[in-house]
Amino acid sequence: MSRSRNVALWALRIVVLFRLAFQAFFVPVYEGPDEPFHLARVRMLSARIDSKSLAGNEVDPQLARSVEAWPCGPSLHENVECPAFGTEPAAFDILGPSRSGGREQRLANYQAHQPPLYYLAALPLLKLFAVFGTTTPEKQLLLLRLFSLLLAALAILGPVRKLGRERALLECALLVALLLPGAAESLIRVANDASVFFWTSVVVERLSLRSRLPTAGIAVLSALGPLLKLTALPVVALAAAMGWRRNGWRSGFWIAVAGCTVFPLQWMRGWAWGGTLEANVGSGMHESFGAVAFGLAHSGYIFFRTAAWLGGWSFFRPPTWLIVATPAVLLVVVWRTFRLRRPFENRIAHGVGLLVATLGFVAFAIGNHRLFGIWGGVGGWYLWGWAPWLALGFSGRFELREGRGREAILAVLALVSVVQICWLQTALRLYG
C-alpha cells in the first residue's frame, strides 16, 4: 500500500472514531433507541446473577425514576412519562448530575428476549466503576456507550484494518458508510449491536484468509455470535456456506450446528425468541397478498432509510429532498466509478447469507405488524451489525474503474457531509 493511501486511511479511521465518540456525549441521556431497557439488563446482572436477572423481565425502580426525570422523545414517552424535548436544553445532558423522578413505577423490560452474552460481557465494566462510586444510571449509561465505542474501535483498528491491507476498497467503503448518522446511532447506543459489529468483523477477517478455513475456530465464533444477538445468524449462514465450499460439507455442517447453540439456551430461558414474535398476541393477518407485499416493501424502505439517518424516531425525519437525493447520488457514483467484478467472489455464500437475512426481516416485519397493526416498525440499526460482511460482499462484487477512485471517494464524502449537517441541524433544533 502506498504511503499516501495509508495516511488517507488513517485519517478516515480517526474521523470515524471521532464521530462515534461525539455521538456518545452529544445524544441526550436515554435517547438512544431502547437504551434504558438494555441498561436494565446489565444493572440486574450487576446486582446478582440468578434466574431472575438472566430472565431480565423488569426495569429496576431506580432506573425507572431516572428515565422519568429527563427530557425524552415520543417513542420513550410511550413507556415512561418523561417530559418532552423543548422544556430544557438536552444535548450533552448525559454529562450533567443524576436525577430521580418522584413516582415509584414498575416497568416491564421488552428487551428481556435478547440473549445474555452482551450483558454478561458488559457486566465487569459496571462492577469495576462501582468500586469508584459510579452507580447512578446516567453514569452507567455513559460507561456502556463508551464500551460500545471501544468495541467499534477494536473492530476498526483490528480486523477491519487487517482486511484493508489487501482490500483497501472494502475498508474505505466501510469507513465512509460508518460516517452516516444511522451508523453512529446503532453502534454507540447502549445495546448489543456494537458487539455484533465487532464479532462480524472478526468473522469476516477469518473468512477472508486465502488458506483453508479453520473449521474449529469459525465454529466457536459462530456459536458466540447469536448469543450476542440473533441478527448474527445471516453471518453464521455465510460462514457455513463458505466452510462447505472451501473445506467440504462437514465443515459447513459443524459451523451451522455451532450457530444454533443459541436456540436451546433461549428455550431454557422460556423460549425468548425475537421480541415482537413471542409477544405476538395481536389481531392477526387479514390483508390481501397485495397489501402484505406493499407493507413489506414499505417496511424495507423504512429499514434502509433509518439505517442511514436515525432508527425510527418519527419526530426526527430527514428532509424529503435528502431522502430522494441520497440514493440518486449513490447510484450515479456507483455507475460512473465502479464496474462489476467477474467472477463474483463467494457468490453462493453471500446469497445464502442474504436469504437468511431476508427471511428474518420478513418474519420480524410481519410479527411487528401483527402485534402493533402497522408496517415499517423494523429499525435500520440492525443493518450495522452486518456492515463488515456487506462491505466484503461489495468488494467482491464491484471493482473501481481505473483512475476513478478519487472521484468516488470525494463524491461519497461530500454526500455524507451533507447528511451529517442536516442531521446536526435537526438534532440541535429538537434537543436544544
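# A tour of the predicted model

Begin by selecting W244, W249, F253, W254 and V257, which form a nonpolar patch on the surface with about 580 Å² of accessible area together. The model is predicted. Color helix α14, residues 249-259, next: this helix gives the most to the patch, with 4 residues. F253 is found in helix α14, and its relative accessibility of 40% makes it partly exposed.

**Stop 1: a covered helix**

Select residues 168-177, which make up helix α9. How many residues of this helix are buried? The count is 8 of its 10, so helix α9 is mostly covered by the rule that buried means under 20% relative accessible area. The buried residues are A168, L169, L170, E171, C172, L174, L175 and V176. Keep V176 displayed for the next stop.

**Stop 2: L413**

L413 is partly exposed, with 26% relative accessible area. Leaving aside neighbours within four places in sequence, show L12, V176 and L179, with which L413 is in contact. V176 is also one of the buried residues of α9. For a distance check, pick the C-alpha atoms of L413 and F22: they are separated by 18 Å, and the two residues are 391 residues apart along the chain.

Also display C422, which is buried at a relative accessible area of 9%.

**Stop 3**

Is E402 buried or exposed? E402 is exposed, at 77% relative accessible area. Now draw a C-alpha to C-alpha line from E402 to A69: it spans 57 Å, and the two residues are 333 apart in sequence.

**Stop 4: the disulfide**

Select C72 and C82 and show their side chains. A disulfide is a covalent bond between the sulfur atoms of two cysteines. The count for this model comes to 1 disulfide, and C72 and C82 form it, with their sulfur atoms 1.8 Å apart. The angle about the S-S bond is 85°, and the link is right-handed. C72 sits in the loop between α4 (61-69) and α5 (74-77), while C82 sits in the loop between α5 and β2 (107-108), 10 residues apart. C72 is buried at 3% relative accessible area, and C82 is buried at 2%. For another cysteine, select C260, which is partly exposed at 38% relative accessibility.

**Stop 5: R99 and E88**

Stay in the loop between α5 and β2. Side chains of opposite charge can pair when their charged atoms come close. Select R99 and E88, which form a salt bridge with their closest N and O atoms 2.8 Å apart. Both residues lie in that loop, so the pair ties together parts that are 11 residues apart in sequence. R99 is partly exposed, with a relative accessible area of 32%, and E88 is partly exposed at 26%. The count for the model is 12 salt bridges.

**Stop 6: R48 and D50**

Another salt bridge joins D50 and R48, where the closest N and O atoms are 3.0 Å apart. D50 is partly exposed at 28% relative accessible area, and R48 is partly exposed at 37%.

**Stop 7: a buried pair and its network**

Now select D193 and K229. Their salt bridge has its closest N and O atoms 3.1 Å apart. D193 lies in helix α11 (residues 193-207) and K229 in the loop between α12 (215-228) and α13 (233-247), so the pair ties together parts that are 36 residues apart in sequence. Are these residues buried or exposed? D193 counts as buried, with 1% relative accessibility, and K229 counts as buried, with 3%.

**Stop 8: Q266**

Finish at Q266, in helix α15 (residues 262-268). Q266 is buried, with a relative accessible area of 2%. What does the side chain of Q266 reach? Display H113 with its backbone atoms: the side chain of Q266 reaches the backbone oxygen of H113 at 2.8 Å.

Key. Residues numbered from 1 in each chain as written. Predicted model: local features only at pLDDT ≥ 70, side-chain atom pairs only at ≥ 80, totals over all residues. Heavy atoms only, no water. Buried < 20%, exposed > 50% of the residue type's maximum accessible area, 1.4 Å probe, protein only. Disulfide = S-S within 2.5 Å. Helix = DSSP H or I, 4+ residues; strand = E, 2+ residues; numbered from the N terminus. Patch = residues over 30% accessible without salt bridge, like charges linked within 9 Å, V, L, I, M, F, W, Y side chains within 5 Å. Areas by Shrake-Rupley, 256 points an atom, 1.4 Å probe, with all protein chains shown as cover. Salt bridge = Lys/Arg side-chain N within 4 Å of Asp/Glu carboxyl O. Polar contact = N/O pair within 3.5 Å; in protein donor to acceptor, adjacent residues only side chain to side chain. Contact = heavy atoms within 4.5 Å.
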